[in-house]
Amino acid sequence: MTETVDRSLNDTLAQELYEALREGRTVEPLIARHPQLTVDDAYAISLGALEKRKADGERVIGKKIGVTSKAVQDMLGVHQPDFGFLTDRMFVEGDIDVKANGLIQPRAEAEIGFILKDQLKGPGVTADQVIAATEAIVPCFEIVDSRIRDWKIGIVDTVADNASCGVYVLGEARADPRAHDLPNLHVTVTKNGQPLSEGYGHAVQGSPAEAVAWLANTLGAYGVTLDAGDVILSGSLVPLEPAKAGDVFEMQLHGVGACTARFV
């Protein structure tokens with residue numbers, strides 16, 4: 001296939017995923033229909049859909065890394081991390097309205113968020129540089145969602161679909177990362193008042209700071225930086241859990257603070 005045809009296909013798939021997002025519906029897996037697609041193609045598709053969202057008035061306020069822990073990789077059958085963008089419309093304060101937020105098949109995951117005070121530009125970013133560039137860490141829930149039917153995703157599908165991101169919620173607590181042993185930060189999660197799961201910071205590439213460094217270096221290869229003021233989601237510490245209206249998830253990032261994701 002020629003480069004021109006590839007670009008045309010990527011543009012077509014970007015439009016398809018953009019429309020699926022806006023209409024709250026799924027599409028058939030991309031890689032099943034177009035096995036020639038690469039991760040570079042997937043990223044081009046993701047950027048194409050993002051440009052359409054920006055044309056609608058959305059603003060990029062952060063980035064995310066996903067599929068970092070073995071628990072999530074085994075669950076999804078995707079054995080390398082993915083990456084995507086956060087926009088202002090993806091940040092939810094208060095209750096998550098499943099319909100109003102356009103969620104299709106949401107799943108909740110507990111994460112450590114990083115709020116940056118300095119830019120990080122790969123390649124060559126280290127975990128120590130991530131910590132130095134971070135203003136605060138924050139407990140958060142990412143509500144992942146997939147525009148790919150039945151979550152039948154490979155790495156190409158999830159990267160193309162903005163790393164299967166839906167919305168995210170931040171807890172009120174802010175903590176200095178230098179004051180904590182990030183790999184051993186402990187999270188416990190409840191669903192509707194019942195214990196659900198627990199995990200540690202080392203679940204994501206040995207340390208959430210290592211995961212953010214990976215993201216900076218991976219995006220750096222595409223000329224994208226992690227910027228001052230960005231919120232960076234470092235990946236789930238626990239298995240993903242399906243969510244529906246009426247569900248309430250609570251996480252405790254021990255020594256830091258709590259976060260609640262309430263679905264209505």
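User: Which residue in β10 is the bridge partner of Val187?
Analyst: This is a predicted model, where local features need pLDDT of at least 70, side-chain atom pairs count only at pLDDT 80 or more, and totals for chains, interfaces and linings use all residues. Residues are numbered from 1 along each chain as its sequence is written, and side-chain values use heavy atoms, with hydrogens and water left out. Five bridges join strand β6 (residues 186-191) to strand β10 (residues 248-253), and the two run antiparallel; strands are DSSP runs of E with at least two residues, helices are runs of H or I with at least four, and both are numbered from the N terminus. In β10, the partner of Val187 is Leu253.

User: How far apart are the end C-alpha atoms of residues 104-263?
Analyst: The unreviewed UniProt entry annotates this range as "domain: Fumarylacetoacetase-like C-terminal"; such annotations may be inferred rather than shown by experiment. Over residues 104-263 the chain is 16% helix and 38% strand. The separation of the end C-alpha atoms is 13 Å.

User: How many residues apart are Tyr43 and Phe83, which form an aromatic pair?
Analyst: The structure holds eight aromatic pairs; rings of Phe, Tyr and Trp (its six-membered ring) pair if their centres lie within 6.5 Å, with planes under 30 degrees apart counted as stacked, over 60 as edge-to-face and the rest as tilted. Tyr43 and Phe83 form a tilted pair, 5.4 Å centre to centre with 55° between the planes. Tyr43 sits in helix α3 (residues 39-55) and Phe83 in strand β2 (residues 82-87), so the pair links distant parts of the chain.

User: Is Tyr222 buried, partly exposed or exposed?
Analyst: Phe83 and Tyr222 form a tilted aromatic pair, 6.0 Å centre to centre with 35° between the planes. Tyr222 is in the loop between α7 (208-220) and β8 (231-236), so this pair ties together parts that are 139 residues apart in sequence. Phe83 counts as buried at 3% relative accessibility; buried means under 20% relative accessible area, exposed over 50%, partly exposed in between (1.4 Å probe, protein chains only). At 29% relative accessible area, Tyr222 is partly exposed.

User: Which residue in β2 stands opposite Gly66?
Analyst: Six bridges join β1 to β2, and the two run antiparallel. Six of the six residues of β2 are buried, so β2 is largely enclosed by the rest of the structure. Opposite Gly66 stands Asp82.

User: What covers the buried residues of α7?
Analyst: Ten of the 13 residues of α7 are buried, so this helix is largely enclosed by the rest of the structure. The buried residues include Val212, Leu215 and Leu219. The cover includes α3, β1 (60-66), β2, β3 (107-116), α5 (127-133) and β8.

User: How far apart are the end C-alpha atoms of α7?
Analyst: The expected span of a helix is 1.5 Å times one less than its number of residues. For the 13 residues of α7 that gives 18 Å. The end C-alpha atoms agree with this, at 18 Å.

User: What separates the C-alpha atoms of Ile115 and Gly229?
Analyst: Ile115 is placed in strand β3 and is buried, with a relative accessible area of 15%. Its contacts (heavy atoms within 4.5 Å), leaving aside neighbours within four places in sequence, include Arg174, Asp230 and Val231. Ile115 and Gly229 are 114 residues apart along the chain, and their C-alpha atoms are separated by 6.2 Å.

User: What is omega for the bond that joins Gly122 and Pro123?
Analyst: Most peptide bonds are trans. Pro123 is in the loop between β3 and α5. The bond that joins Gly122 and Pro123 is cis, with omega of about 10°.

User: What is the phi of Ala163?
Analyst: Most residues other than glycine have a negative phi. Ala163 lies in the loop between α6 (155-160) and β5 (165-170), and is buried, with a relative accessible area of 2%. Ser164 is in the loop between α6 and β5 and has a positive phi near 55°. Ala163 is not a glycine, yet its phi is positive, at about 55°.

Methods. Pairing = 2+ DSSP bridges.
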